[in-house]
Amino acid sequence: ADFFSFGSNDLTQMTFGYSRDDVGTFLPTYLENGILLDDPFVTIDTEGVGELIKMTVKNGREVKPSLKIGVCGEHGGDPRSVEFFSNEAGLTYVSCSPFRVPIARLAAAQAVVGRN
């Protein structure tokens, strides 16, 4: 492969077994009771979804060290998720909806500064 691109929303749905259409009926209770700390469709779940991403990055780069790897979806515009993708998962790029691009660019710059 020349690149990997994670669909973070789809990966989150499959990992949790949640439908984004139905999550509003129970997610507030999960957050209120501390079952989840964050909405996993807003900020990437680093312990579950994030570990799957990190394993894939590691395995892909063992085969092709120059492999470009990114993420598409709303997580690409969330500052905490961008920091994880950049500094912990080793992704090459993020993509997100147009209205989140300024936030994503700032978050990416802050992640690089934080890494150095």
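Predicted model: local features only at pLDDT ≥ 70, side-chain atom pairs only at ≥ 80, totals over all residues.
Figure 1. The protein chain exposes about 6900 Å². Of this area, 57% is supplied by carbon and sulfur atoms. Buried residues account for 32% of the 116 residues in the protein chain.

**Figure 2. Order of helices and strands along the protein chain.** The chain contains 5 helices and 3 strands. Followed along the sequence, these elements are arranged in the pattern β-α-α-α-β-α-β-α. The radius of gyration of the protein chain is 14 Å, close to the 13 Å that the globule rule gives for 116 residues, so the chain is as compact as a globular protein of that length. Taken along the principal axes, the box filled by the C-alpha atoms is roughly 40 × 30 × 25 Å.

**Figure 3. Contacts between residues separated in the sequence.** Contacts between residues at least 6 apart in sequence are considered here. Among these contacts in the protein chain, 65% join residues at least 24 apart.

**Figure 4. Crossing of helix α1 and helix α3.** Helix α1 spans residues 8–16 and helix α3 spans residues 49–63. Their axes come within 10 Å and cross at roughly 115 degrees. The crossing of α1 and α3 is right-handed.

**Figure 5. Residues in the contact of α1 with α3.** On the side of α1, the contact is made by L11, T12, T15 and F16. On the side of α3, V49, L52 and I53 take part. By class, the contact of α1 with α3 comprises 5 nonpolar and 2 polar residues, with no charged residues.

Terms used: Residues numbered from 1 in each chain as written. Heavy atoms only, no water. Axes fitted to C-alpha atoms, helices over the stretch in contact; angles between N-to-C directions. Helix = DSSP H or I, 4+ residues; strand = E, 2+ residues; numbered from the N terminus. Left-handed = near helix turned anticlockwise from the far one by under 90°. Contact = heavy atoms within 4.5 Å. Nonpolar A, V, L, I, M, F, W, Y, C, P; charged D, E, K, R; others polar. Rg over C-alpha atoms; globule rule 2.2 N^0.38 Å. Buried < 20%, exposed > 50% of the residue type's maximum accessible area, 1.4 Å probe, protein only. Areas by Shrake-Rupley, 256 points an atom, 1.4 Å probe, with all protein chains shown as cover.
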